[in-house]
Amino acid sequence: MNSMKKYDVLTIGHISLDYNIDYLDNQIIEVGGAVIYSSAAAYALGHKVAALTKIARSDEDRLCAFTIPREDVYVKYSEVSTSIRNKYHTADKERRTCTCIGQAEAFRESDIPDGISAEIYHFAGLIYGDFDGELIKKLSSRGKVAVDVQALLRHADKASGAMYFEDWADKKEILPYVDFLKTDAAEAEILTGLADRYKAAETLYGWGAKEVCITHNTEVIAFDGKRHYAVPIRARNLSGRSGRGDTTFAAYITERLDRDVPEALLTATATVSLKMEKPGALKASRADIENYIAEFYGDVSGK
């Protein structure tokens, strides 16, 4: 009897205790991290989702931030947990200074739970060192690989914790193993030197990524080597901006399991537009997202 537990996606990433300080110096402390936002989005759409995270034993209360069933959260223990201070300098939160307070230990192949399989292995890291290119290579032999490039570009100074961006040295070696690549517009420019995100997507595809998703505060684009697709962001308010890229990408990659690029992109963009109305991880149903599409995206074809 086959006891293998099968998932659509295994999302791999650290939970973070975030200290978010707005431009008026108001502070909100909340549990976040790409693994939280990503798993919530895919789960809201009805996909079978697992999450793998690493935390200190003393921080197990952070697991309550997951919206997926607890039995689908796989935990490894680290001496410290990840924690980040985000100081926003403008009301629109487009500019911020980030400081690493703590970083959990890197993910290794031995951390992948026995007895499970996934259609997609989603690398949802936060800081350089959360995982390496070798793990991407190894998991590409088990299923499709999705990579949010943030954790390959965002470094933390070991002495001060100051966070800064630096190009991904191994990108041309590792990108051929990546089925889905996600960047934001600024990250795409760091990787390619191109401010034009459409041209940047073409360059990243040319280096080996099979599909490229680039987020921007006005739209989300996808490129599959044949044509560009774009869907505008239509959020009614911006209260829940944290985790918007994570939400978009997780929705896109899981929808791609049985939908074409334009359908998946439309669903993903509507999902993040709905998510931005409330802080925290998305708590919604597929029906909620479909209703949002009907109300706000009637002029956008998903075909």
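## A loop residue with a positive phi

Aspartate 25 lies in the loop that joins strand E2 (16-21) to strand E3 (27-32). The model described here is predicted. Although aspartate 25 is not a glycine, its phi is positive, at about 70 degrees. Is this residue buried or exposed? Its relative accessibility is 57%, and residues over 50% are classed as exposed, so aspartate 25 counts as exposed.

Strands of a sheet pair through backbone hydrogen bonds, in either a parallel or an antiparallel manner. In this model, nine strands make up an open sheet with mixed pairing, and their order is E5-E4-E1-E8-E9-E12-E13-E14-E15.

Strand E13 (residues 211-215) pairs with strand E14 (residues 219-223) in the antiparallel sense, over four bridges. Threonine 215 has valine 220, in E14, as its bridge partner.

## Helices against the sheet

Helix H6 (residues 197-206) lies across strand E12 (180-184), E13, E14 and E15, and runs at about 30 degrees to E14. Helix H7 (residues 244-255) also packs on the sheet, where it touches strand E1 (5-12), strand E8 (116-123), strand E9 (144-148), E12, E13 and E14. The direction of H7 makes about 160 degrees with that of E12.

From its first C-alpha to its last, H7 reaches 17 Å with its twelve residues, which is close to the 16 Å expected at 1.5 Å a residue. Eleven of these twelve residues are buried, so H7 is largely enclosed by the rest of the structure. Among the buried residues of H7 are Phe249, Tyr252 and Ile253.

Which residues have the most contacts inside the largest nonpolar core? They are Phe66, Tyr252, Ile253 and Tyr297, in a core of 46 residues. Elements that each supply at least two residues of this core include helix H1 (34-44), strand E4 (49-55), H7 and helix H9 (286-296). Helix H8 (261-275) is also one of these elements, and H8 gives the largest share, eight residues.

Leaving aside neighbours within four places in sequence, tyrosine 297 has contacts that include Val231, Pro232, Leu266, Ala270 and Tyr292. A second core is separate and has 37 residues, including Ile112, Leu139, Leu152 and Leu153.

How values were computed:
Residues numbered from 1 in each chain as written. Predicted model: local features only at pLDDT ≥ 70, side-chain atom pairs only at ≥ 80, totals over all residues. Heavy atoms only, no water. Pairing = 2+ DSSP bridges. Contact = heavy atoms within 4.5 Å. Axes fitted to C-alpha atoms, helices over the stretch in contact; angles between N-to-C directions. Expected span 1.5 Å × (residues − 1). Buried < 20%, exposed > 50% of the residue type's maximum accessible area, 1.4 Å probe, protein only. Core = buried A, V, L, I, M, F, W, Y, C linked by side-chain atoms within 4.5 Å.
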